[in-house]
Amino acid sequence: MNDETVNIYYDPEVDIPGSIEELKLWYEYQNLPPQSVTRFFIGENYTQPKAFGIYQEGENFIVYKNKADGSRAIRYNGKNESYAVNELFERLVQEIDNQGYHIKTDVRKYYNRSRSIMEPGEYTKRPPVRKQNKSTTDIVTTILVILFYIFLFVVAASTSTGHGSSSGSRNSYHNSYHNYNYDYGNSWSSGSDWGSSWDSGSTDWGSDW
């Protein structure tokens, strides 16, 4: 891949990938299982059945799907790398969602999110835009300080009601804690073996895409 297509400001935590190398970085950042498990081959012309992939051949970028019978459906074959990468990226995000697989970034934020499809070489022109406005920061800080003092006032008021109600408060807290339904299944845990939950056999390998 031509180095000119690399966006030096690319951040896999917040940015949608626009090149093959950026897609590789995004894939690695999300701690996804090996490509042999997910069946998404980035930067490789994989020829075996049941696979999605993207690779460069000359000046063209080719996005493909190898169906269960070994035949290949070409999703895109052209010179627009960002468009090609976005085609595979959207399919990868869809598959992550279908698998119920958990990644560091909420996968739902990528749905219905428009992005400018630019020709290769234009990525280096994008400036970093993640600096927060100073006035906004000051306002947020002020609000947090006010909320902190309100919290101290409420705590002080509650403790002044006497020791007679402290036992009941503790019991109420104890009951509410144990009755709360925590949904740990929707949380990210870097120590979990999420690779074992990926089932590529559930994918529709008979369709063109």
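Me: What is the relative accessible area of D208?
Reply: Buried means under 20% relative accessible area, exposed means over 50%, and partly exposed is in between (1.4 Å probe, protein chains only). D208 has a relative accessible area of 48%, so it is partly exposed. This is a predicted model, where local features need pLDDT of at least 70 and side-chain atom pairs count only at pLDDT 80 or more, while totals for chains, interfaces and linings use all residues. Residues are numbered from 1 along each chain as its sequence is written, and side-chain values use heavy atoms, with hydrogens and water left out.

Me: Where does D208 lie, and which residues is D208 in contact with, leaving aside its neighbours within four places in sequence?
Reply: D208 lies in the segment after α5. As for contact, that means heavy atoms within 4.5 Å. Setting aside neighbours within four places in sequence, D208 touches K65, K67 and A73. K65 is 143 residues away from D208 along the chain, yet their C-alpha atoms are separated by 6.9 Å.

Me: How many helices and strands does the chain have?
Reply: There are 5 helices and 4 strands. Read from the N terminus, the order of the elements is α-α-β-β-β-β-α-α-α. The chain has 209 residues, and 32% of them count as buried. Take the contacts with a separation of 6 or more: 55% of these are between residues 24 or more positions apart.

Me: How do I read the crossing of two helices, say at what angle the axes of α1 and α3 cross?
Reply: Each axis is a line fitted to C-alpha atoms, for helices over the stretch in contact, and angles run from 0 to 180 degrees between N-to-C directions. Here the axes of α1 (residues 20-29) and α3 cross at roughly 20° and come within 9 Å. Angles under 35 degrees count as roughly parallel, over 145 as roughly antiparallel, 65 to 115 as roughly perpendicular and the rest as oblique. That makes α1 roughly parallel to α3. On the α1 side, I20, L23, W26 and Y27 make the contact; on the α3 side, you'll find E81, V85, L88, F89, L92, V93 and I96.

Me: How many aromatic pairs does the count come to?
Reply: Rings of Phe, Tyr and Trp (its six-membered ring) pair if their centres lie within 6.5 Å; planes under 30 degrees apart count as stacked, over 60 as edge-to-face and the rest as tilted. The count here comes to 9 aromatic pairs. Y101 is in the loop between α3 (81-99) and α4 (134-159), and W198 is in the segment after α5 (166-179), so the pair ties together parts that are 97 residues apart in sequence. Y101 is buried, at 7% relative accessible area, and W198 counts as buried at 7% relative accessibility. Look also for F40, F52, W205 and W209, which form one aromatic cluster.

Me: Which residue lies over the face of Y64?
Reply: A charge sits over a ring if NZ of Lys or CZ of Arg is within 6 Å of the ring centre and within 35 degrees of the ring normal. R72 lies over the face of Y64, 3.9 Å from the ring centre. There's also K104 over the face of Y29, at 4.6 Å from the ring centre.

Me: What is the phi of N31?
Reply: N31 has a positive phi of about 55°, although it is not a glycine. You'll find N31 in the loop between α1 and α2, and at 40% relative accessibility it counts as partly exposed. Then try R39, another non-glycine with a positive phi, this one about 70°. R39 is in the loop between α2 and β1 (40-42), and it counts as buried at 13% relative accessibility.

Me: Where is Q35 found?
Reply: Q35 is in helix α2 (residues 35-38). With a relative accessible area of 23%, Q35 is partly exposed. Leaving aside neighbours within four places in sequence, its contacts are Y27, F40, F41 and I42.
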